[in-house]
Amino acid sequence: MIITDLVNTGMPLIRYDTGDVARALPTPARSCGCRFDGLPLMSAVVGRFADFFVRNDGSRFVGLDVPGMRMAERGWVKQIQYIQTDIDAVTVRLIRGRVFSEELYPYIQNEVDHVFKSPVKLTFTFVESIPRIRSGKFMYSTCQVPSQKIAELSQGLRS
């Protein structure tokens, strides 16, 4: 989804790539009333940009499937980020919450093993902040497994 402020005539048209995915309203849709009438209108945001993680059998799943929101709601963490560094290894970057507990470790391990469908070596790293990507978005999950390794696993799926 690319967003542009069409109402502010005092500024140049600046396009901002949000990394989100949206559904367009069917044409002909009602007008938004701006001077760029005729451009597609958005009906709803239907997804967020996230890296895919790779299981040891070569299958992929969206990194947003790993746990996070429940831990933030419970106050265990302020922010969490998962970085897949190898097929069976994930670094978990954490900003401690107000009620951080050691019980968090087995909880995360169990949840990650569940979505990966096999044991995964977790490395926990506590940080003061988690940087945003160039677009300004926070990447909840990032896959840093070399593409060659992913391609080799994917070949195994096709055989």
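Helices (H or I, at least four residues) and strands (E, at least two) are DSSP runs, numbered from the N terminus.

The model is predicted: local features need pLDDT of at least 70, side-chain atom pairs count only at pLDDT 80 or more, and totals for chains, interfaces and linings use all residues. Residues are numbered from 1 along each chain as its sequence is written, and side-chain values use heavy atoms, with hydrogens and water left out. The protein chain has an average pLDDT (the predictor's confidence in each residue, from 0 to 100) of 79, and 67% of the residues score at least 70. Among the elements of the chain, the highest mean pLDDT, 96, belongs to strand 9 (residues 121-126), and the lowest, 60, to strand 4 (residues 42-47). Where pLDDT is low, the predicted coordinates should not be read in detail.

Two strands pair if DSSP finds at least two bridges between them. Strand 7 and strand 8 are antiparallel and share 8 bridges; Gln79 has Ile95 in strand 8 as its bridge partner. A hairpin of 2 residues joins strand 7 to strand 8. Strand 8 (residues 89-96) and strand 9, by contrast, run parallel and are joined by 6 bridges, with Leu94 opposite Phe126 in strand 9. Strand 8 is largely enclosed by the rest of the structure, because 6 of its 8 residues are buried (under 20% relative accessible area; exposed is over 50%, and partly exposed in between, with a 1.4 Å probe and protein chains only).

The largest nonpolar core has 30 residues, and those with the most contacts inside it are Met71, Ile80, Tyr82, Leu104, Ile108 and Phe116. Such a core is a set of buried Ala, Val, Leu, Ile, Met, Phe, Trp, Tyr and Cys residues joined through side-chain atoms within 4.5 Å. Strand 5 (52-54), strand 7, strand 8 and helix 2 each supply at least two residues of this core, and helix 2 gives the most, with 6 residues. Apart from neighbours within four places in sequence, Leu104 is in contact (heavy atoms within 4.5 Å) with Met71, Trp76, Val77 and Leu94.

Gln84 belongs to strand 7 (residues 77-86) and counts as buried because its relative accessibility is 0%. A polar atom of the Gln84 side chain lies 2.7 Å from the backbone oxygen of Val54, and one lies 3.3 Å from the backbone oxygen of Ile87. Beyond four places in sequence, the residues in contact with Gln84 include Phe53, Phe116 and Cys143.

Lys117 is found in the loop between helix 2 and strand 9, and at 65% relative accessibility it therefore counts as exposed. Lys117 has a positive phi of about 65°, although it is not a glycine. Most residues other than glycine have a negative phi.

Definitions and conventions:
Polar contact = N/O pair within 3.5 Å; in protein donor to acceptor, adjacent residues only side chain to side chain.
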